[in-house]
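Take a moment to look over the model below. Then follow the chain with us, step by step.

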Amino acid sequence: MQTNFNVNHSNPAFGISVSESFIKAAHNYYKGVEYRPWRANIFDKKVAKVFNDFGYDEFTLNYEKVQKGGKISHVLKAEREGLSVPITEKDHFRKVIEKFQRMTKGELYIKIKQFRHDNPQV
């Protein structure tokens, strides 16, 4: 059987992207605060894995430092136009990085689906 269907053998990346500001903040933390620059390489491998394997290509993981009632909070959220899904909120930036590095595709899926379920107006 002959067909005109042409298959492209490239593997497109369909993963959630990670904001440049979060990557830069993590690198600054590892190189300046923790003095363990080699950990930035491990972080970069996780960023690549998230981008290539996690899905949700319409979302971007963004980091934000928020002040609430005199306390500083570090928030990691998945964002796209008009939608912001909180992934984790911690009292130390180190904990946000650790949470990101332990995050699984299933956990991200559950957080986004649960947020959409809890907020149907979005």
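A contact means that heavy atoms lie within 4.5 Å. In the protein chain, residues 24 or more positions apart account for 56% of the contacts with a separation of 6 or more.

This is a predicted model, in which local features need pLDDT of at least 70, side-chain atom pairs count only at pLDDT 80 or more, and totals for chains, interfaces and linings use all residues. Residues are numbered from 1 along each chain as its sequence is written, and side-chain values use heavy atoms, leaving out hydrogens and water.

How confident is the predictor? pLDDT is its confidence in each residue, from 0 to 100. The chain has a mean pLDDT of 85, and 88% of its residues reach 70 or more. Over residues 1-13, pLDDT stays under 50. For that stretch the model has 2 contacts beyond four places in sequence. Where pLDDT is low, the predicted coordinates should not be read in detail.

Now the layout. Helices (H or I, at least four residues) and strands (E, at least two) are DSSP runs, numbered from the N terminus. The protein chain has 4 helices and 4 strands. Along the sequence they follow the pattern β-α-α-β-β-β-α-α.

Look at helices H1 and H3. Their axes come within 11 Å and cross at roughly 115°. Axes here are lines fitted to C-alpha atoms, for helices over the stretch in contact, and angles run from 0 to 180 degrees between N-to-C directions. H1 contributes Phe22, Ala25, Ala26, Tyr29 and Tyr30 to the contact. H3 brings Phe93, Arg94, Val96, Ile97, Phe100 and Gln101.

Which residues are covered? Buried means under 20% relative accessible area, exposed over 50%, and partly exposed in between (1.4 Å probe, protein chains only). Of the 122 residues in the protein chain, 35% are buried. His27 sits in helix H1, residues 20-33. His27 counts as buried because its relative accessibility is 17%. Leaving out residues up to four places away in sequence, His27 touches Ala40, Phe43 and Asp44.

Finally, two tyrosines. Most residues other than glycine have a negative phi. Tyr35 has a positive phi of about 55°. Tyr35 lies in the loop between H1 and helix H2 (38-53). Tyr35 counts as exposed because its relative accessibility is 64%. Tyr56 also has a positive phi, of about 60°. Tyr56 belongs to strand E2, residues 55-68. With a relative accessible area of 14%, Tyr56 is buried.

Definitions and conventions. pLDDT = per-residue confidence, 0-100.
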